[in-house]
Every structure is written in structure tokens, then in C-alpha cells.
Amino acid sequence: MQKVYNKILSVTGNVITVRASDVAYEELAEVTTQRGKSLAQVIKLENDIVSLQVFAGSQGIATNDEIRFLGNPMRVTFSNNMLGRIFNGSGVPRDRGPALTENMIEIAGPSVNPAKRIIPRNMIRTNIPMIDLFNSLVVSQKLPIFSVSGEPYNELLARIALQAEVDMIVLGGIGLKYDQYLYFKNTLEEGGALSRSVFFVHTASDPIVEGLMVPDLCLAVAERFALKGKNVLVLLTDMTNFADALKEIAITMEQVPSNRGYPGDLYSQLAARYEKAVDFDTAGSVTVLAATTMPGDDVTHPVPDNTGYITEGQFYLRNGRIEPFGSLSRLKQQVNDKTRDDHRAIMDGLIQLYAQYNETEEKRAMGFRMSEWDKKLLKYGKLFESNMMDLSVNIALEDALDLGWKILAECFTPEETRMKTDLVKKFWPKEAA
Amino acid sequence: MNKTKGSIVGINGNMISVVFDDNIIQNEVGYAITGEDRLKSEVIKIQGNIAFMQVFEITKGLKIGDKVEFTGEMLSVQLGPGILGMVYDGLQNPLNELAELHGFFLKRGVILDALDFNKKWEFTPTAKKGDTVTGGSILGHVSEGIFEHKIFVPFDYQGNFTVKSIVDKGSYKVDQVIATVENDKGDKLELMMYFDWPVKIPITNYREKMVPKEPLVTQTRIIDTFFPVARGGTYCIPGPFGAGKTVLQQVTSRFAEADIVIIAACGERAGEVVETLRKFPEITDPRTGKSLMERTIIICNTSSMPVAAREASVYTAATLGEYYRQMGLNVLLLADSTSRWAQAMRELSGRLEEIPGEEAFPAYLESRIAQFYERAGLVELNDGNMGSLTIGGTVSPAGGNFEEPVTQSTLKVVGAFHGLSRDRSNARRYPAIHPLESWSKYKSFNQPKSIDDARKILFKGNEVHQMMLVVGEEGTSVEDYIIYLKSEFLDSVYLQQNSFDSVDGATSPERQKYVFKYVHDVLMTEFSLKEKNEARNFFNKMRQLFIDWNYIDMKDEEFNKQEAVITKLIEENSSDAEGI
């Protein structure tokens, strides 16, 4: 039985209230206005007063518009037919394909029992040396990319999506600029990856509330595919927009803000999404990479700050490069001892020398005289930045390791690198030694 | 007794308001019924005939008018044999058993018994027929792993009871009657090996609470020597993300010299608990020769699990800790992180529309934190034995700034402060406890005078370092430069510790005393070093020797050889030795 009401009591922000009975918490409703139909979700019940957040926004809602409760919470279709399809933040197709209504599953399901989790064990290769070599991405990891607006984080995500060794990609766009959406679509199409992707895209021009559902939609679908044995990579961009949408609703609902206007449950809300990353012992996995833009390049801003406490490390994207110092993959230790003998040594060695290069570079900028050693470091730093750090570098891990040795050999003697003797014997380039 | 019933009149996130018909109790448990599911909830506020309840599950699908059944009991845990080695959620649901029944996901509304009611325990009675007992008296014991698990008269029994009957030695299930007691009013009560206890009420069946004196050895040098923790004391570890809070807690949970360790993973990453879950059963506890899991209890309410249960989880952990303390054991409770618990309170307070305090935390934040840490303590039990519960909590301050309500409220009530610093962790100086900002009110097993000397060097060394940043190395005198080198030496050979190394990772008190004597020698000796290069080379050499020494097992003969080399180097360069 469907229940229809047509007396709206209040409209505040994107929240409307209506008097209704037998309504369930988080149930969906359909609001029909002169502009068309929109979904709305129950966010508060008080006696017979029901508060709903309207996905399409409240503009143009008339007090006598029709509200029809659907009797179910937010759901999404799940089938192989989704592959290659693009949906909006309400789960409605954005492409010209047919609507999918088979096998509807609930979103935002229960969390995984910690007792059923396993210690992460498999690396995901991306062919980006700054990731593979220095901060390896691991199956079931949740990692944000911290960057300021304007950095090429979407380009980076698209590249990882194309190159990562995964079975499937689920892309969630929250407040994504339209041209960025097209960029993702075209890049994945040209790379031949669109047919193993599902998009849930909420663009910057869509009503902000609609973006709230995107992470849950993506993760619910990803989780189901993972249970069917697929290794799924979920890309979310940009989670700061998601947090801002939460903020907007919280303020509309007159919740007491905690920090810079964000609601007190921001941590729990973000964690509920990121913690969906998982490696199922007997099935597939979900790995989450999310762009988080830092307003004002401030890592103590509530969104990156709370994110940092939740995720297993972070990549800092600065000046178009993945920063080697602030970036961290907390899970890399689980995998980088199983790749090649020299992986950890090269990882540490190159970074230590690069840190020394930075100090020298500072001294040089201040006009100090450069010693022979300083000159070697300067040469090294330049080579490292252009051949290794540049985002366009696209090589397999083993080639990156060889490249590391090559750069070292071009700049230093083996002793100066403080590499272990047995590794030098094995890997130091022959022609240069 | 007729249970009170109610029906839902409001739903807001994980809070429901319920109209009830009879009497209810603050903190009483009720079940909201939706379809097949029974959602456990707790009364947190009563106003007229409306109860505000926090629901320990997702509230999706609840409706106005849905029924609520009250239980007449406060939120409780089951206390009895079989808790050690278990992995529970915040409400004492056993997670492994849950996984067996329901697979990968935490199914809503499933509540299992915390104890295994089918297992038989070998019970040895110590009380006799005719004995006078009261709440907390010991009836007998069973052996639970390596411990003698005492069986008590339930702690809330008030007044004297006479034992009317008690079973013979033999094996019994936890819910079998093992004794009957009667008070002077003629109330006859049957006792089993387990009973329930409300988590928010501290257990106080002891003679006296004492001042914590004995150190609780963690085998982390900077803690034990400089910022010690006492048995029955409290401490906190605030730090920004990535500073190594969790690693420090994990190391402590492995090496701390406590009988029982309770790990409360409160609102943190599930992945971190998994490491403990998977690795502890395989690690042998050097003190007992048994698996480390046998002395460990894990309370695991990670960040994506329901928030209200997170609020309850620290109380659950404290109650289990107090219970084992009653057996005369030394219990260490590690809560990671108390900020997440405070945030759970904040979420709830917001839903109750209470007037917010600083950063929207409720006004009672400070008193709640104080009450929690006050559950720690060294106590003399009624049988004359001593037992202790030590509480260590991590704090995750927003933006890494310690000037925030949770850190500040915690600092007021704890006995030791281990502040983690981002600078130190960026410089890979682990553990990243800041040696100048941290403090402890407890006494170390090392000589107070020597520690004080060392601390002065650290302090002065830091001053010199700050100055050098301005005037450069050239503008610093050799004397000052040596002080700076000494402080760096202390930092790298003693304060820093490689927690991943099998030898360096854990330093016994004997070894700490032994090594610290030498470190102190180096710090206090006047060396005949004429210029900075010479001084730097000397201290580099010394540092290398000590670091190598740290990696040698004390029983290894190399240990003494290295010691001789160090002694020689000190003597040769001491200015007293000049002219010899």
C-alpha cells in the first residue's frame, strides 16, 4: 500500500516536513512538483511529523505538492548489467541506457565483523613509481589523496583506475565538475576500462543533497561484487564535497555544529564509508581511493583531519607530484618485503638522499657555497624529481627499482649511498660501476 | 513481574523517544521491536512519561508506534569464567561466535551470550556450609588458563548471608547452581558461577583504595625510566594521526608486565584490531610460556560499528577489568581512543539538544572522563590481597592540537602524560613521546637523581639546539655543543627504541637500570674534546656502540664484550684520564 500526502508543513533549506503516519526511519518518498519528481529520504520522525531531505532541493516545492512514501529505504540495482553504465546520485541512469530495477539491494548495510577480517596481503600495482615503490597500495586499503583544489587529483585517479590490477572500478563523483566527469568517462572509454566500470556521478550542478547518497551507492555495489569474488577499486571524488553536504543538512536540522560548522558525527559518517574497504577471506575485495581537497591547504581542517584518523595513510598531491614525505601507506610493510630484495632498501635510500637534497637546496637558495657532495646531491635531486616523481612516469615496479639504481649510479659511488654491500653487488648497474 | 512497555514517538538518528506506561530506571535496557529485529537500547534521559533512549544498532526502518520492551535491568555484562581470550563488541557480544553464525557481516539485532554456557569448569569450593558471606566473598575457584578464577558471591549482595549448601569439587557449567545462601530475613538465594553487573557502576567490594606505588613495567625505556606508569595508576597518550599511538599501545599490550591486558578498540580502524586478533594467538608470552591471547581480552567497537555501543564499550572494558582485579590480579586496560568515546557522547548530547560546551562537547564531558579514569586503582581486597586496574587511554585531538576539551579534561585526571609529537614522528624518532613536554607523577625504578640529571641535559641540549638554529654551529661554544651532542646521544640510544626488533623492542627493568647507568656516565663525564669535529666524531662512535649494544641479548656473551668496549672508550676520553 502506498501512502500519499499533499500538505507540506514547512520548507527549510532542502528539508520539508509533512504530517504522516506509519512511516519508517530512512524510508524513501517521491515528491512530485511542477518541476518534476524527486526522491526524498526520511531523516527525522517526531510523533506524526516527518522530516524529509529532498534530493532535488526544495526550490519550487508548493505546499500542496504530492508526497508518496515508497515503503522502502534507499536501494540500488545490482547485476552485471550495471557494468559500463552511468547513474546519478539517486541511482537513476545518466546515460541513455534503460533503467535497471532488477535485484534491488539496500545501501549502507551493516559493517563487517572485525573477527572476519584478515591481515592485508596483496599489493595493487599502479605503475606509478611514487605509489608502487614508495607507498605501495594494498588490496582492501582505504587511502585519501589530500590536495588543494586545482591539483590534478582526478587525472591521477583516472590513471590509477586504468592501470591498477583490479577486476572492476566503481567511480563515485560528488560535486564533480561536468568537464571532469566527461574526462573520467572519455579516459576510461579510450583505455577500454569503461566496460568494467560503474559510475555514480553527482555533478556540481546537481542538487547538493543528491551527492550524499553517492558513497553509499558505490560501496554497496562494490561490496556485492566483492562478495562475488571481484577485486573492486572504488574511487570517490571529492569527499570534502560529501562532508559539506552533511554540514548543510546538519545546519538545516539545527544540529549543534562541532568544528567549523561540521556536525559532531563527521568522524562516524566518514568512517562508516571508508570502513567498507575490506578483503573477504573467501571472496573478493574492496579498495577505496578518495580525493579529499584541503580548503586552504590546511591539513588540520576538520575534513582531512578526521579522514587522516580513519584511513590507512594518505597521498599528498602537491605541485602536480605525489609528495614523498607527507605521503604514507600504512599497509606497505605488509607487501613490500615480498616484491624484490632491494625494494625496501631502495625505498629508504632514495628518500633519505632526497631529504638531504632538500636541505642542500635550501642552503643553495640562501647563497651558501656548494661542496662536491652538495653538487652530487643537487644532480641527484633533479634526476629524482624528473625521472621518478613526475606523474607522467609510467613504469612497472621492477623497472622503477632498476631506475633507482641507475640514478644512484649516475650521481654517487656505491659507498656514498650507504646501500648494503650484498645489494650493491647484485643490483648496481654494471657499466657504471 | 510485569515488564514496562512503551511505544516510539520520535526517531532522530540513533536516538528514539518512547512513551512508557509504568516505571522505568535511568540506564535501563529496552528493546525496540521492528519486524523480526529486537534492537537493544538504553534509557539516557527521562522526561515525564517520555524516555529518551540510545539505540545500539542502526535505526533504519523503525516506525512511530513501534513497541519497546523494557527489561528492568541496567546495561550489564556477564561476569564469570571464560572471558579471557575473548573478542567482544562494545556490548560484550562475542564476535567470533557471531561470525560463525552470521558470516561476514554484523547482523542487526543479534545478541549472544558472552559466556559459553555449555562448557564445564572444574570448580573447587573454598567456602563451607555455615560460613558467613556477603557480596564479593569468595565461594571457590576454577582454573581459567593460567589463572585461578575466583567465584564470587554477586557484588551487589548487601548484608550477611549464611551458606546453606555448596557443591563438592567437580565440573559444572556456569549456570548451574553451586551454592545456596540465606540472610537473616530468611531470603534464600541460589548462586551460580556467573552473574550480571551494570557496566556504568564501579565495583567497590574492597577494603581500601591505596596510592599506586609499584611501577607497571611496559619495557619501553622512555616510559619506564622517564615517564613511568604505576600499577593502579592512569595515563594518557595524546597525539596527532600518524604519530604512532596505536603502535605504542600494541607494543604495550604485548610487553607490559600485567597479569591481564584488556584492549578496548573504541571507534578506531578495524584493521588495527585485526593485527592483534590474528597475531596474538601465535605469540608466546615469555612470562607464562602460553599464547599471549590467554591473558588478553579484546573489546572491539571499531569506527563503523554503531556509535552508542562505542559509548558503552569503555565501560564494558572497565567492568571486566575491575572483575579480574577482584581476584587479586594486576589488570591493564588500554583504551584506543578515548576521543572517539567522547565524540560518541557528543553525538548523543546533540541529539538530546543539550546546551553544548566547548567544541559542542557536552558540559559533563570532564566529569565523565574523570569518572572513567577513577575506575582505575590499587586496592586492598577484603581477603587482604592486593589487586590493581591500570588505565591507559589514547587521545586523538583534532588537528593534533592539545588545547582541546578531551585532551585537557584528561590531563586533569591522569597520573602520567605521554604526549606524542608530530615532529618526532616525522624525524622517525620512535616512540614519538615528547621528552620535554611529557610528565609523570609516578616513581621510576631508576635513580631519581640520575633521571633528573638526564632531564637537565635534555633541556639544556634543546636550548642549545634552538640557539644553533639562529647563530649556526660556528657561533656555538664547544661546551654548549657537547651538551647538545649529549642530549642527542641520550635521545638516540635510550629514548628511541626499535619496537620491531626482538631484543630492542622490549627492555627489562634490570637491563634498563644496567644500561642507564652507563648512559648516565656518558652524560656526566667531562670529556677532553677540544673542538667540535672531534666531539661529533666521538659521540657518533659512542652512539653507534650503544645502539649495537641495544640489539644484543643481555644473556649473549657479546653483551659483556660490547660493555668493555664502551667502558674503555669512556675512560680514554674522560678529562680525568688525561696525563695517565
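Predicted model: local features only at pLDDT ≥ 70, side-chain atom pairs only at ≥ 80, totals over all residues.
Visitor: How many helices and strands does chain A have?

Guide: Helices (H or I, at least four residues) and strands (E, at least two) are DSSP runs, numbered from the N terminus. Chain A has eleven helices and 23 strands, and its C-alpha atoms fill a box of roughly 85 × 50 × 40 Å along the principal axes. A residue is called buried if 20 or more other C-beta atoms, placed from the backbone, lie within 10 Å of its own, exposed if 12 or fewer do, and partly exposed in between; of the 433 residues in chain A, 51% are buried.

Visitor: What is the strand order in the open sheet of chain B?

Guide: Strands of a sheet pair through backbone hydrogen bonds, either parallel or antiparallel, and a pair is counted if DSSP finds at least two bridges between the two strands. In chain B, four strands with antiparallel pairing take the order β10-β13-β15-β16, and the edge strands β10 (132-133) and β16 (188-191) each pair on one side only. Strand β15 (residues 179-183) of chain B joins β16(B) over four antiparallel bridges, with B:Ala179 standing opposite B:Leu191.

Visitor: Which residues of helix α10(B) are buried?

Guide: The expected span of a helix is 1.5 Å times one less than its number of residues. Helix α10 (residues 448-471) of chain B, with 24 residues, reaches 34 Å from its first C-alpha to its last, close to the 34 Å expected. Its buried residues are B:Ala454, B:Ile457, B:Leu458, B:Gly461 and B:Val464, and what covers them includes α11 (478-495) and α12 (509-524) of chain B. Just after this helix, B:Gly472 takes a positive phi of about 80°.

Visitor: How many residues does each chain bring to the contact between A and B?

Guide: Two residues are in contact if their C-beta atoms, placed from the backbone, lie within 7 Å. By that criterion, chain B brings 47 residues and chain A brings 44. On the side of chain B that touches chain A, α4(B) gives the largest share, seven residues. Separately, strand β5 (residues 36-46) of chain A and β1(B) pair in the antiparallel sense over two bridges, where A:Leu45 stands opposite B:Ile11.

Visitor: Which residues have the most contacts inside the largest nonpolar core?

Guide: A nonpolar core is a set of buried Ala, Val, Leu, Ile, Met, Phe, Trp, Tyr and Cys residues joined through C-beta atoms within 7 Å. The largest one has 297 residues, and those with the most contacts inside it are A:Val234, B:Ile262, B:Ala264 and B:Leu333. Helix α5 (residues 307-325) of chain B gives the most to this core, with eleven residues. Leaving aside neighbours within four places in sequence, B:Ile262 is in contact with residues including B:Ile297, B:Ile299, B:Ala317 and B:Leu333.

How values were computed: Residues numbered from 1 in each chain as written. Chains lettered and ligands numbered in written order.
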